[in-house]
Structure formats: C-alpha cells, structure tokens
Amino acid sequence: MKEIMAFIRLNMVNPTKHALAKVGYPSFTCSKAVGRGKRPLAAEAIQVIMENAGSVPADEIGEHLSEGIRLVPRRSFSLIVDDEQVALAVKTIIQVNQTGTPGDGRLFVMPVAEGYNIRTGERQIKELDR
C-alpha cells in the first residue's frame, strides 16, 4: 500500500475530487495547508511596483511584497491505494492540476507500513501478511 500526498492550488480542489472519484478513488482526506515553494520573488517585479506606486501598496500585493517569505495557502490531498493503483492515481492528480505554470503543486508517494480500522480494530493492509 502507498500513501499519495499532493499539495495543490485552492481552485483545483473540486476538479481533483471529481477526477479521483471518476477513476475509482472516492476516499481521500483533504485539508488546509500553507507553504512555500522554491521559486523566489523577482526583485525586478518589486522594483516596478514600488516605482509605479511610490511605496509599497496597502493591498494584497503590498502585503506579499512586505514579507520576504510569504506562505501560500494550498490544499493537501492524501489517499491510500494499493501498489498497483499508484500510477493511475498519480496520473489523474497530475493531469487535473498541471497548468504548466510555477505553483502547480507537489506530489509525493510514500510506503504505508500498517493500517487498522479503528471501529473494529481489524488490520486493513493485507499486503503485510504475504
């Protein structure tokens, strides 16, 4: 079993939900996340904005410029799938979220060691018994 964790743009939550359900993955967890990618803010953009406004604007752009390491709101999707289902789930998430622009998101695939049903205490991951 594997856990697929994807960090995506806020406006891509519904398309991602629908696409995952359509290909057979209706069960997942989605939560709020904030983070920062590796792309720095362009110094030229800051200079142009300050030249045009005369100072740092008192709006969302100005707030972004005034903080050097701004955290960006995202959504975190997490789903657990069998090993043979990983490729389809990953492909689906990437196809829906890929716009070709920086900030499309990140996706990670991690092994799952064990899983249990809390209500029954039953072990859910049969792969470990092989």
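**Helix α4 and the strands around it**

The buried residues of helix α4 are covered by a set of elements that includes β1 (2-8), α1 (13-22), β3 (72-81) and β4 (106-111). Here helices (H or I, at least four residues) and strands (E, at least two) are DSSP runs, numbered from the N terminus, while buried means under 20% relative accessible area, exposed over 50% and partly exposed in between (1.4 Å probe, protein chains only). The model is a predicted one, in which local features need pLDDT of at least 70 and side-chain atom pairs count only at pLDDT 80 or more, whereas totals for chains, interfaces and linings use all residues. Residues are numbered from 1 along each chain as its sequence is written, and side-chain values use heavy atoms, with hydrogens and water left out.

The protein chain has four helices and four strands, and from the N terminus on its elements follow the order β-α-β-α-α-β-α-β. Of its 130 residues, 24% are buried. Contact means heavy atoms within 4.5 Å; among the contacts in the protein chain with a separation of 6 or more, 77% are between residues 24 or more positions apart.

Helix α4 itself takes up residues 86-97. Its twelve residues should span 16 Å at 1.5 Å a residue, and the 17 Å between its end C-alpha atoms agrees with this; the expected span is 1.5 Å times one less than the number of residues. Buried in α4 are Val86, Ala89, Val90, Thr92, Ile93 and Asn97. Seen down the axis of α4, these buried residues fall within an arc of 160°, so they line one face of the helix; the arc is that of the directions from the helix axis to the C-beta atoms. Ala87 and Gln95, by contrast, are exposed on the other side of α4.

The strands are joined by bridges, and two strands pair if DSSP finds at least two bridges between them. Strand β3 pairs with β1 in the antiparallel sense over seven bridges, and β3 also runs antiparallel to β2 (residues 29-35), again with seven bridges. Within these pairings, arginine 75 of β3 is the bridge partner of lysine 32, phenylalanine 77 of β3 is that of alanine 6, and leucine 79 of β3 stands opposite isoleucine 4. Strands β1 and β4 are antiparallel too, joined by six bridges, and isoleucine 4 stands opposite valine 109 in β4.

Valine 109 is partly exposed because its relative accessibility is 40%. Leaving aside neighbours within four places in sequence, valine 109 touches Lys2, Glu3, Ile4, Val86 and Val90. Lysine 2 lies 107 residues from valine 109 in sequence, yet their C-alpha atoms are 6.5 Å apart in space.

Threonine 16, in helix α1, has a relative accessibility of 2% and therefore counts as buried. The side chains of threonine 16 and asparagine 97 are joined by a polar contact of 3.1 Å, that is, a pair of N or O atoms within 3.5 Å, where within protein one must be able to donate a hydrogen and the other to accept it, and residues adjacent in sequence count only if both atoms are side-chain atoms. Apart from neighbours within four places in sequence, threonine 16 is in contact with Ile8, Phe77, Val96 and Asn97.
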